[in-house]
Structures are given as structure tokens and as C-alpha cells.
Amino acid sequence: MKLKLHVWRQPNKDQAGAMKDYAVEGVSEHMSFLEMMDTLNEQLMNKGEEPVAFDHDCREGICGSCSMVINGLPHGGHKGVTVCQLHMRHFKDGDEIFIEPWRAKAFPVLKDLVVDRAAFDRIVASGGYVSVATGGAPDANALPIPKKEADLSMDAAACIGCGACVAACKNASAMLFTAAKASHLNHLPQGQPERFERVKNMSMQMDAEGFGTCTNLSQCEAVCPKEISVRVIAEFNADLIKAQVKG
Amino acid sequence: MADAMELKRDTAGESLLGSLTRFFMSAVGSKVVMAATGLGLFLFVVGHLAGNLLAYVGRDAFNAYAIALKSNAILLWGARSALLIGFPLHILTAIRTVQLNRAARPVPYAFDNKSPARTAAKTMMLSGLVVMFYFLYHLAHFTWRITGPQPVTLLPDGNFDAYSMLVMGFQQPLISLIYIGAQVLLAAHLSHGVYSMFQHLGFWGTKWTPFLKKTALVAGYGLCAAFASIPLAVLLGIIKP
């Protein structure tokens, strides 16, 4: 099939960018969206033009690298999929597709569709860890954890840090990411001693990065490729309130 | 080594006041302020409605309530403090968070953001702004008595005839329309706010949260339908002069 693309092109961090139109041919419905982008880049290179820069790595939905807003929806808006898992069978011949990078002050565009997500790394570095040495993998059930708690922790730990939550949020808030990175530790015994210091530090870092505030629209939950619930945000809020009382 | 890795807060050792100020200025803390003041204002609205519905009982019941409210210092200042503290904090925090949110996305999307969300939830600032102007008009009408038709005579005991004020006001279709219109926007505001405040305050449950979302819809639109029924009842002649 043949598609009409509108792609954000920006030469580097300091220069202004703009949407540019491209026609891409020979797209198969069996391709993934990233393979369609590869096809476009091959066609551009054959014409001697600069290919479109975009982040990608595992191409199986677990690394969190790919990051495109497709027709107004991060990762294309299909339930539980990243851009690399998005198939071209969802599009038809002649479709127009708008492809943009994540838009947030805290995620500056480095080139074309590539954004700098180091703000997420700094949030994790501020408290998204336990400082006790946990050693090697322990024997199964050596440390009993109720199934319910383990599930809540695992659901939050599914976060791949892609940043779709920020991209989707009307306010470019990073609450879903930050809260998920606290929740997966705060549901385990190892996370308890530093529970309140963790949420305070992570909240402060999140603000310092220039993300917006949460207005409970749940747009993040709707587009999260790992379907993480806004439950983690309520937990994060509750822990921060408790942290004030505990000093 | 282990000591160097220990999770320590930069602000450890700051005063209680300093730490609370820092919290209430943070992204999460400002939402706690929004939720707490929102809860206060919501409770005020519920109490206000209970009083208004006495208009259906009759002139004497409604006027007795109006006089009781004015003469009972605890009731009056309880309601007034909900407004005097709640409103400015709610509005100032809203302005501040909207500024933060706008600054957080300096370059807009070329294609509209299609991530799903309820329209009422996305337009809280707009509905809130309209409700604020309506609130000022409402004060001018019923509290300061500088707009709308006002009864010329006082009650025999020297008090204002609140019942006549209400009926005379709502007999004007334009005034009724303003009141009913504002109720629709207040309903939209509450239909998100009543759920959202629980989320901000950290309440979440697999059964509790969907229930709260429905409750917010029912409470928001239900309360405002009850409010709006009064001007309608006056126009239809159910509440008589």
C-alpha cells in the first residue's frame, strides 16, 4: 500500500523543527510500524535525503525505546502495544498518518522523533531503588510475600519507561511513571524501610524536571503499553501524605 | 559503601512549616490542596441545596431557614469559612497548576491529542471559571442585593423576605436561565471533581474507584438538577409567590 506521512523533522536540539510530508510506497500490511519507517528511510536514502531518526531497540515491546505519537495517540493507541508491535494491517492504502515525537518540556527533542528521556533516569536515581544489598536470586518463597502484594508489585514493575504516559497526558505529567517506579518497590518487604523517603525524593525530582501536574484524566492509563493502572498514582499520593505526617 | 548508597533526603532536618510549605507547593501537594478545598466546597453545595429545597415546603419554612442561618454564628461562619478559605485556595492553586501544566508542554502537537478522557474532566478550568463568575453574580443577587428584583418591604419581624426574593428573581426567565446554565457547568465540574478528589487524597480500590466515578456523575448531575428544579418550579408556577 501507499501512504501519505506527515513527520516531524528537526535537525538537532537547538534548531526549530517542522512537520514534513512524505509519500511512502510498497508498504505491506504484515510490516510493523517501525518496518514501515525503515521502508521510508530506505526510499529517502535512495533519493540522497537524510533518513528520519527514531528510537528503537528490541522491537518486541519490552525495551521502551520506540516512541512516536501516531495520529494523536502515543504508540498508535492500540491496547497494550508499543509502536514496534503496531502492525500496518491497522492502516489502509492511501491513509494519511501524522508522526510526532513525545511532546514535553522535560523530554527535549534531540533529532526528528528522538527525545531525551534522561529525566526519567534522574527520577529513578532520586529514589527508585533499595539501598540494602539484596544478594543473588533467593530461593523461591524464602521470603514469604502475599500473592496479592506480589501481583500489585509486578503490575507496576511492568513499566518499560517509554514515556507514553507523559506524551498522552494533557498536562505532560509524569505521575504514572514515577508512581509505578515507587509502587513496585513499595509493595515488597525490601522497599519498606525507605518507603517514605523514596516517594518524597522522587516527587521532588519529578517537579524539578518540569513535568506537569496530574488531573486524573487517566489518559496515561489508556495509552500505557503495559496497561499500568492509575492505582499506582493514588498509592503515591497516599504515601506522600503519610510521609508529611511521619516527618 | 552501603552508607553512601543509603536513600537520604536533601531536605532532612528542615522545619515542620518548611516541609509542609514545600509539600503544598509540589505537584502532588497542590492537588491535595485542590482536593481538600474541593471537598469543603462540595459539602457547602450539599448544605446549600438542603436549604434551597425548603422553598418547596413554603414561604415560612424557607424564611425560617434563612433567618436561622443568619442568626446561628456557628452555622453561618462554618459555611462562610468553607467559602472564604476554600474558594481563594481552590482558585489560586488552579491558576498555579494550569501555569505549570502549560509550561510542561511548550511545543504543542500538530495532530490533536486523541488520548481518551471525559470532556468534563478536560475542561475543569473552563467550568470552574464560569462557576466562579456565576458565584459572584449569585452573591450580588441574594447576599449583597444589588442586582435583580428585590422585595420592597421587609418581613413583619424586620428580616429580609428571602422567599419573595427567590420567587421574584426566578420569575424573570433570563435570571432563571443564568442559574440553570450555571448549574449545568457546576454539574460537569463536580462529575469529575467528586471522583478526582479521592484519587488525589490517595483513596483507590478495585471496587471503590469505579463506584466513586459513578457516584461523582450521580452526585454532580443529581445535585445540580435539584438546584435547577427551583427556578423551573417558579417559572412553572409550582413554587408560588
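Helices (H or I, at least four residues) and strands (E, at least two) are DSSP runs here, numbered from the N terminus. With that in hand, A:E227 falls in the loop that joins α7 and α8 of chain A.

## Ground rules

This is a predicted model, where local features need pLDDT of at least 70 and side-chain atom pairs count only at pLDDT 80 or more, while totals for chains, interfaces and linings use all residues. Residues are numbered from 1 along each chain as its sequence is written, chains are lettered from A and ligands numbered from 1 in the order in which they are written, and side-chain values use heavy atoms, with hydrogens and water left out.

## Where chain A meets chain B

Let's start with the contact between the chains. Contact, meaning heavy atoms within 4.5 Å, brings in 57 residues from chain A and 44 residues from chain B. The size of an interface is often given as the accessible area lost when the parts come together. For chain A and chain B the buried area is about 4100 Å², with 58% of it on carbon and sulfur atoms; buried area is the accessible area (1.4 Å probe) that two parts lose on being put together, summed over both. On the chain A side, the residues losing the most area to chain B are A:T213, A:N216 and A:Q244, which together make up 15% of what that side buries.

As for polar links, there are 23 residue pairs in polar contact between chain A and chain B, both residues at pLDDT 80 or more. A polar contact is a pair of N or O atoms within 3.5 Å; within protein, one must be able to donate a hydrogen and the other to accept it, and residues adjacent in sequence count only if both atoms are side-chain atoms. The largest share, nine residues, comes from α8(A). Sorted by class, that side of chain A has 29 nonpolar, 18 polar and ten charged residues. Ala, Val, Leu, Ile, Met, Phe, Trp, Tyr, Cys and Pro count as nonpolar, Asp, Glu, Lys and Arg as charged, and the others, Gly among them, as polar.

## Two domains in chain A

Chain A splits into domain 1 (3-111) and domain 2 (118-246), with bounds that come from an automatic or database domain assignment. Taken over C-alpha atoms, their centres are 29 Å apart. Each domain of chain A puts 19 residues into the contact between them. Domain 1 and domain 2 of chain A bury about 1300 Å² between them, and carbon and sulfur atoms give 64% of that. A:P74, A:A106 and A:F107 supply 33% of the area that domain 1 buries against domain 2, more than any other three residues.

The rule finds one salt bridge across this domain interface. A:E227 forms a salt bridge with A:K79, and the closest N and O atoms are 3.3 Å apart. A:E227 also has a positive phi of about 50°, although it is not a glycine. A:E227 is partly exposed, because its relative accessible area is 44%; buried means under 20% relative accessible area, exposed over 50%, and partly exposed in between (1.4 Å probe, protein chains only).

## A few residues worth a look

A:R9 sits in strand β1 (residues 3-9) of chain A and counts as buried, because its relative accessibility is 14%. A polar atom of the A:R9 side chain lies 3.0 Å from the backbone oxygen of A:P51. Leaving aside neighbours within four places in sequence, A:R9 has contacts that include A:Y22, A:L44, A:E50 and A:D112.

A:N141, in the loop between α2 (118-125) and α3 (147-157) of chain A, has a positive phi near 65° without being a glycine. A:N141 is exposed, with a relative accessible area of 71%. Over in chain B, B:Q150 lies in the loop between α7 (124-143) and α8 (162-170) and is partly exposed at 22% relative accessible area. A polar atom of the B:Q150 side chain is 3.0 Å from the backbone oxygen of B:T147. Not counting residues up to four places away in sequence, B:Q150 touches B:H141, B:R145, B:M165 and B:M168.

Key:
Salt bridge = Lys/Arg side-chain N within 4 Å of Asp/Glu carboxyl O.
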